[in-house]
Every structure is written in C-alpha cells, then in structure tokens.
Amino acid sequence: PAIPARLPGQTGPAGSAAHFILPSELTLTGAVLTSHDTAQVRFKGPWPPRQISGMRNLFQYVCRAAAPGSGATASYVMPVRQSGWDKVCLMYFPDARSATNARISVVHANGTERRTWNFRKGDPLGFSVLVGTFYFEQGRNAEVLIESEGADGEVVADGVGMVRTGD
C-alpha cells in the first residue's frame, strides 16, 4: 500500500512526519528480555560481562558471554498472558569468537524444542534473528534456555524476544 506523507492526526519531530509508522500495523504484541532483566533472566555458572561496540563504534553495549564448555546456562522466563502462536527471536551481535554450535531450548505448550545455534551468524546490527514460531498457553511460562556445554566458542546471552503472530 502507498505510504502517505503524513497521516491525519499523526505528527513526528517538528510536527511534520509520522516516520512511516502506520498505526494500523501496530497490532502485534510481544516482549523483549535482555541480560539485564535479572528478575526474569537466571544465570547459572560464569557469565562475565562482554562489552560490544555497535554501529561503527557509535555506542557501547554490555551483554554476557560464557566460555565454551563452562556448563553455564541462561534461562529467559516470560509469563504468557494469552494463548496463541508467538515468534521467538534472539538478539545479539555476531562475532568470530562466538560458538557455532550452542544449544538453545524453547519450552512451549507442546513440549521443548532444541536447536543448535550459530552465534557467528546473525544480524550485524544486533537486530532479532528468528528461532521459530511456537504455541504458548496462558498461565504457563515460556522459557528460552541458552547453554554453553559442548560449545566451540563463546556463547552469548543478550536478548530474547517474543512477538504474537496469532491465536
């Protein structure tokens, strides 16, 4: 569809634009947890901070990284407020020091899905990378578990996101 230059009743900086964010398309809900959300992210084993320079050193960011074979786990737990299908994504900056074979598990309504994850690949700007789409039930927590055991490089714990795709 054509994007209007200005939406009725919508203004942006200096009252001139809506930055092409169409209110009609803002219907999806979701959540993002970062390694700093200590109430919902649990770390076991050594996860020292790792400083990352992003966008050609325009900003500095701190996530967590576990050494290969350290037996460290990071558990991201999110309450499910409505049953339905959600996309589960990881957010991190790919790096040559990172593991190509980290273990990722997603606990959902139908069980646990296990994946092998390559943290050397991903979005170079740290945007989300899709793990998969899963069905979650209201009242049961969703969990994403990241493990370093058996990894061939550092395992990164940065952000996990869920975005509702439908009932």
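The lining of the largest pocket comprises seven nonpolar, four polar and three charged residues. Here Ala, Val, Leu, Ile, Met, Phe, Trp, Tyr, Cys and Pro are nonpolar, Asp, Glu, Lys and Arg charged, and the others, Gly among them, polar. The model is predicted: local features need pLDDT of at least 70, side-chain atom pairs count only at pLDDT 80 or more, and totals for chains, interfaces and linings use all residues. Numbering starts from 1 along each chain as its sequence is written, and side-chain values use heavy atoms, without hydrogens and water.

**Exercise 1.** Find the volume of the largest pocket and the strand that gives the most to its lining.

*Solution.* 
- On a 1 Å grid over the protein atoms alone, a pocket is an open set with protein on both sides within 12 Å along at least five of seven lines; a cavity is a set of points where a 1.4 Å probe fits but cannot get out; lining residues have an atom within 4 Å of a point.
- Read the volume. The largest pocket holds about 300 Å³.
- Locate the centre. Of 14 lining residues, Gly30, Ala31, Pro79, Val80 and Arg81 are the closest to it.
- Assign strands (E runs in DSSP of at least two residues, numbered from the N terminus). β1 gives the most, with four residues.

**Exercise 2.** Give the strand order of the open sheet and name its edges.

*Solution.* 
- Pairing requires at least two bridges found by DSSP between two strands.
- The order is β1-β12-β6-β9, with antiparallel pairing.
- β6 (residues 84-91) is joined to β12 (residues 159-166) by seven bridges.
- Seven bridges also link β6 with β9.
- Leu90 faces Val160 in β12 and Val129 in β9.

**Exercise 3.** Why is β6 largely enclosed by the rest of the structure?

*Solution.* 
- Apply the cut-off: buried is under 20% relative accessible area with a 1.4 Å probe, protein chains only.
- Six of the eight β6 residues are buried, so the rest of the structure largely encloses this strand.

**Exercise 4.** Characterise the largest cavity by volume, lining and residue class.

*Solution.* 
- One cavity of 30 Å³ or more is counted.
- The largest cavity has a volume of about 30 Å³.
- Its lining includes Leu90, Met91, Gly159 and Val160.
- β6 and β12 each supply at least two lining residues.
- By class, the cavity lining has eight nonpolar, one polar and one charged residues.

Notes. Grid points are joined across faces, edges and corners, and a volume is the space filled by probe spheres set on the points. Buried means under 20% relative accessible area, exposed over 50%, partly exposed in between (1.4 Å probe, protein chains only).
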